[in-house]
Amino acid sequence: MKIIQSFFVSVKAGFLQIWHDFANWAEANKRKALLTVLGLLLGVTLFSASMIVAVAHIRQAEYTELLLPTIQSKKIKMLDYGNEEQEIKDSKAISVMFSPTYGAEYEKIMRTFSGKEAQEINRQFYYYPLVYNTENVAQKYQIDPSKVTFIFFEKGIEKNRFEVEELSNYTEEFIPELNRLPMWNIKDLDE
């Protein structure tokens with residue numbers, strides 16, 4: 001224990017010596033010290049900003065490289081990572097599947113979209129995989145991140161939704177429910 005304490009004491013003394021040397025140098029060279037500190041702050045800020053941008057690009061590349069090849073259907077298009085909100089707002093009408101990239105429901109849906117039944121589906125759906133930032137996406141769209149949820153938006157406003165897990169007979173109900181998704185006003189009249 002004494003070895004660890006003496007190590008921390010020597011490290012602390014070393015940092016204090018470096019700080020005092022820097023303070024003495026800064027006092028003697030005020031202009032250089034100010035420019036050095038500003039340069040370091042600018043460098044750290046640029047590095048931090050580039051890391052934030054890089055993370056978004058890395059995640060989009062992961063989606064493209066890892067998930068896109070697994071989608072065997074022309075009825076599903078990927079939404080760009082982090083841009084889902086803007087794409088939803090910019091579209092006049094859009095149907096989005098929010099789903100984890102695993103699980104029995106996900107596998108069933110992918111088989112349906114890549115099978116013969118896909119011919120019965122009347123439009124394309126956008127897929128937003130719930131891999132990163134799931135809590136924020138779940139709160140924003142009031143979804144359960146462990147379930148597959150289809151939501152129809154009109155001019156950026158949610159009009160209709162359904163969870164695949166709520167279907168009592170998947171084989172009979174899934175495709176009709178998908179095709180009925182944009183008919184939100186008909187559903188309101190039924191209720």
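Predicted model: local features only at pLDDT ≥ 70, side-chain atom pairs only at ≥ 80, totals over all residues.

Visitor: Where in the protein chain is confidence lowest, and where is it highest?

Guide: Lowest is helix α7 (residues 184-190), at a mean of 45, and highest is strand β4 (residues 149-154), at 91. Over the protein chain the mean pLDDT is 83, and 93% of residues reach 70 or more. Helices (H or I, at least four residues) and strands (E, at least two) are DSSP runs, numbered from the N terminus. The protein chain has 7 helices and 5 strands.

Visitor: Why is the pair of Phe22 and Trp25 called tilted?

Guide: Rings of Phe, Tyr and Trp (its six-membered ring) pair if their centres lie within 6.5 Å; planes under 30 degrees apart count as stacked, over 60 as edge-to-face and the rest as tilted. The centres of Phe22 and Trp25 are 5.9 Å apart and their planes are at 35°, so the pair is tilted. The two residues are 3 apart in helix α1 (residues 2-28), about one helical turn. The whole structure has 14 aromatic pairs.

Visitor: What makes Phe22 partly exposed?

Guide: Buried means under 20% relative accessible area, exposed over 50%, and partly exposed in between (1.4 Å probe, protein chains only). Phe22 has 31%, so Phe22 is partly exposed. Trp25, at 33%, is partly exposed too. Buried residues make up 29% of the 191 residues in the protein chain.

Visitor: Which residue has its charged end over the ring of Tyr170?

Guide: That is Lys108, whose charged end is 4.7 Å from the ring centre. The rule asks for NZ of Lys or CZ of Arg within 6 Å of the ring centre and within 35 degrees of the ring normal. Ring pairs also link Tyr170 into a cluster with Phe113, Phe125, Phe150, Phe162 and Phe174.

Visitor: What does the C-alpha trace of the protein chain span along its principal axes?

Guide: The spans are about 80 × 45 × 35 Å.

Terms used
Residues numbered from 1 in each chain as written. Heavy atoms only, no water. pLDDT = per-residue confidence, 0-100.
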